[in-house]
Amino acid sequence: MRPIASVHDIPLGEGRTFAVDGDMIAIFRLRDGSVRATSAVCPHKGGPLADGQIDLKQVICPLHLNAWDLRTGCSLSGQPDVAVYPVSIDDDKIMLGD
Amino acid sequence: MRQRLVVIGNGMAGARTVEEILARGGDFEITMFGDEPYGNYNRIMLSNVLAGVEDESGIFLNDLSWYADNGITLHAGTRIERIDRFAKRVYAEDGTETPYDKLIIATGSRAFVPPIPGAHRPGRGYHQGVFAFRTLDDTRAMIRYAKEHERAVVIGGGLLGLEAARGLQNHLPHVTLVHAMGHLMNTQLNFAAGDTLRKTIEEKLGIEVVVDGMTTEILGKHAVTGVKLADGRVIPCDVIVVAAGIRANSEMAAASDLPVERGILVDDQMRVQDEDDIYAVGECAQHRGEVYGLVAPLWDQAKVLADHLTGVNPLAEYHGSQVATKLKVAGVDVAAMGLKEPEHPDDEVLTFAEPKKGIYKNVIIRDGRLVGATLVGDVKKVAFLMQAFDRGLALPEERAELMFDLGGPAGEVKVEDMADDEQVCNCNGVSKGTICSTVQSGCKTVSGVMDKTRAGKGCGTCKSVVQRIVEWAAGGEVEEDPAASYYVPGIPMPKPELMNAIRLHELKSVSSVFAKLGGDEDAKSKMGLASLLKMMWGGEYVDERDARFINDRVHANIQRDGTFSVVPQMKGGVTTPAQLKRIAEVAEKHEVPMVKLTGGQRIDLLGIPKEKLPEVWADLDMPSGYAYGKSFRTVKTCVGSDFCRFGVGDSTALGIALEERYQGIEGPGKMKLAVTGCPRNCAEAYVKDLGVVAIDGGKWEIYVGGAAGAHIRKGDLLTTVSSPEEVIVLTGRFLQYYRENANWLERTYAFVPRVGIDKVRAVVVDDSEGIAADLDAAMEASVGAYRDPWKDRDEPATPGQFRTSLPLIVLPQVPVRA
Ligand SMILES: Cc1cc2nc3c(=O)[nH]c(=O)nc-3n(C[C@H](O)[C@H](O)[C@H](O)COP(=O)(O)OP(=O)(O)OC[C@H]3O[C@@H](n4cnc5c(N)ncnc54)[C@H](O)[C@@H]3O)c2cc1C
Ligand code: HEM
Ligand code: SF4
Ligand code: SF4
Ligand code: FES
């Protein structure tokens, strides 16, 4: 588990991309204050998931509007699943890993 | 061994018969031959395809997988040339032969093209520019050709000719209908009815109608230039559609020594006369002297034949059909059944005519039974009359009830009294029983049932009956089509209700709307709500950036590789050398991978990474062209009277003024405008959300609801005004009316027909609801609140607003054009 960003780096309800050991990870800050992390790259055709719109359940890729479950990474529209990462908040820090 | 069943003809009758056989559990090894290279499609919907109200893909009844799933061998695109009745084999044109135990001929009919000189070119089939209207290929070819031409003549004023003429209007500006007889639809209508119809067609649709016009020649050597009539008149045209009747495809049967008159002769079991194992159904069959040209009889024939062949009822008999005709032309209602005029002196006749409104109706009664009815211009009673006609029902004592709704339920068919096998949708052959079982299988919405069964999806006249059956079958549990009426999927409310609730609770942010009205936040609804709230609250709107789509967060259009496109404003498509130089410098400085002219008359810089957007805007120092939002986009203009030798109005000046005023206004969908300097329409104003056309005498026509994207529609004329100022005011008022009343993502081409141009005109031009001043004021407020988003570049609106979201290397790179 290690800190990778401050919660203030991510506006409420949006996502931002962070580089972690050569991987690009999209971190989303949900409107209930919790955070989720997925691979930054859309499994469909490589779209930037952090630019997608989210709610408490899903992220919608901005390119072709496919949707993925933010918690499980399961596709909600018949695409391959996306990788998800354990992520949590400690004070103001966003912590990646178990 | 299973019996081998061979079907020649893979059209509506052939495929339907096979469906009926399968539904009865018939155990055959089935092989089908079809001349057309497709699965079975709904031929009657070709009119809708031509008219642009239905997609090609939507008309298929049995796609190729259906054949595979049911173990049917389909030879699509293979024509059968000959039957050997003794060897029990059919021979295809490709040389193959196929044995059968039972044979069904369902070859339908083809367009009849009278021997008019010039219609054919030796060795080449039809003259280029001359079309029949029978198959999907005909329809495709006609659309392709018509789009590139100007004037069409349709020969033949029957059902098909009328539908063809209407459909063609969708693709070219002038359509003339030439009919050899004295009035339109003379097979089904009497003179008074046909003449009423003619006036409606001319006045309402703008199709020119020529009656008593016998075509004697098609003119033009290489390309069609016109048609010549018997009285010497010449009608110039460059496209001709011949809809002069049909002929049964029975030559192949005749050549194989089967009995043929006008069609293949069949008995009451649809068995070809004197044959044991050969049957014929559909338009190629002649039964008791009748050859039909409509689909309803073939549904009955298919059932009888399937009963007989599968042994479910070997003695099933077909006794002929009572046919009713309906015209599938939007806005022109015609239905006719049985006699068009009384035949006996004691036939009872009721006639009602209101020529000014284009209404003519008559009913003919013999011995207390309905034997004929005609409805032109008002077909409210058609469902009832068809039942009475078809079933020979007793008629109401108050005869006027046959023609009018005199209050009370009298005359309405009671759905509970209908028999299960009673056909409700004659176009697609759907019975009450099918609708009921669809409801019982759990589909409890009207539109759901219509999608599943296709009931109501032909001419549409049975929709109200379908609705009543669904309601009845669902026993009051009919489910509202949920999402259909909602403004956005996540909040269960139609737009007006939603707007009231928003006002009532003063909900000024997207999250507050969810909290108060929707329960859970829904990502797919955020953008629509953001647009609505911004429109309603203007400056008071609480802008939560996460409600915006990425394009609106960074004021640029996201591309396939995650980069963005930058389109500076270029009002009316007019630019200056200085602006061009600046754009060129910026493009060079930032090594922009592609610089392209857009369809909206401006310049697009493509492939800008997100993090560089603010810098590019700063270097350009031009306002945003809004090429990314659900918002007012551009006003295309032509050069107009300042330079063009045809121009009658200053289209560029007006276009610039419109764009100046309404730039960046957001709405439920994109708003693309155009102003053109004369009716030659170089700026394509007829196909814009709002298009303005200068006409002679200093006047301006305003068209609304046009489109030329995936959907193509010519706009409806809203009104004609005499000054640019009026254009500007009415544009604002129309756009505001659209913003307040259209559903999310509903473009004007759907909105205007949904509301109806008459209603739109009444509200926007004539102020029938007294809201014009409010609309103007609301628009004024939005105009006043406009602020160029590209100015907000010094300070990011949110942390990391312009941070890259992707390592671009994992993506296909957009090639740099030298
Ligand atoms: C534009 C249009 C609009 C219409 N609108 C209506 C309407 O509103 N209401 C209505 O009731 N009716 C309407 N009709 C008529 C309706 O489509 C026909 O009644 C119906 O299609 C007849 O079905 P069928 O199977 O007998 O013939 P078809 O559907 O024509 O099928 C016959 C098939 O057999 C194939 N075939 C022919 N000869 C051979 C051969 N030798 N070997 C192999 N295959 C062969 C043909 O290519 C064709 O695919 C309309 C027709 C058209 C063209
Ligand atoms: C004297 C009269 C006309 C002038 C001065 C004129 C001028 C032009 C010019 C300069 C272009 C741009 C060409 C390019 O981008 O390479 C153009 C495009 C076009 N013109 Fe014309 N034209 C005239 C007549 C017409 C007529 C009569 C029509 C239609 C009936 C027409 C339809 C079009 C269309 C559809 C385009 C393409 C529009 C677009 O790219 O968005 N033009 N015209
Ligand atoms: S629409 Fe008329 S005025 Fe405008 S460029 Fe074309 S021909 Fe000229
Ligand atoms: S037509 Fe298709 S490929 Fe071309 S810009 Fe539009 S969406 Fe993209
Ligand atoms: S790239 Fe994400 S949906 Fe297509």
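Buried means under 20% relative accessible area, exposed over 50% and partly exposed in between, with a 1.4 Å probe and protein chains only. Welcome to a predicted model, in which local features need pLDDT of at least 70, side-chain atom pairs count only at pLDDT 80 or more, and totals for chains, interfaces and linings use all residues. Residues are numbered from 1 along each chain as its sequence is written, chains are lettered from A and ligands numbered from 1 in the order in which they are written, and side-chain values use heavy atoms, leaving out hydrogens and water.

**Aromatic rings**
- Over all chains, the structure holds 15 aromatic pairs (Phe, Tyr or six-membered Trp rings with centres within 6.5 Å; planes under 30 degrees apart are stacked, over 60 edge-to-face, the rest tilted).
- Tyr626(B) and Tyr628(B) form a tilted pair, at 5.5 Å centre to centre with 35 degrees between the planes.
- One aromatic cluster is made up of Tyr38(B), Tyr41(B) and Phe60(B).

**Charges over rings**
- Arg82(B) lies over the face of Tyr91(B), 4.4 Å from the ring centre; such a charge has NZ of Lys or CZ of Arg within 6 Å of the ring centre and within 35 degrees of the ring normal.
- Arg247(B) lies over the face of Phe112(B), at 3.8 Å from the ring centre.

**Asp390(B)**
- Asp390(B) is partly exposed, with a relative accessible area of 46%.
- The C-alpha atoms of Asp390(B) and Val323(B) are 8.2 Å apart, while the two residues are 67 residues apart along the chain.
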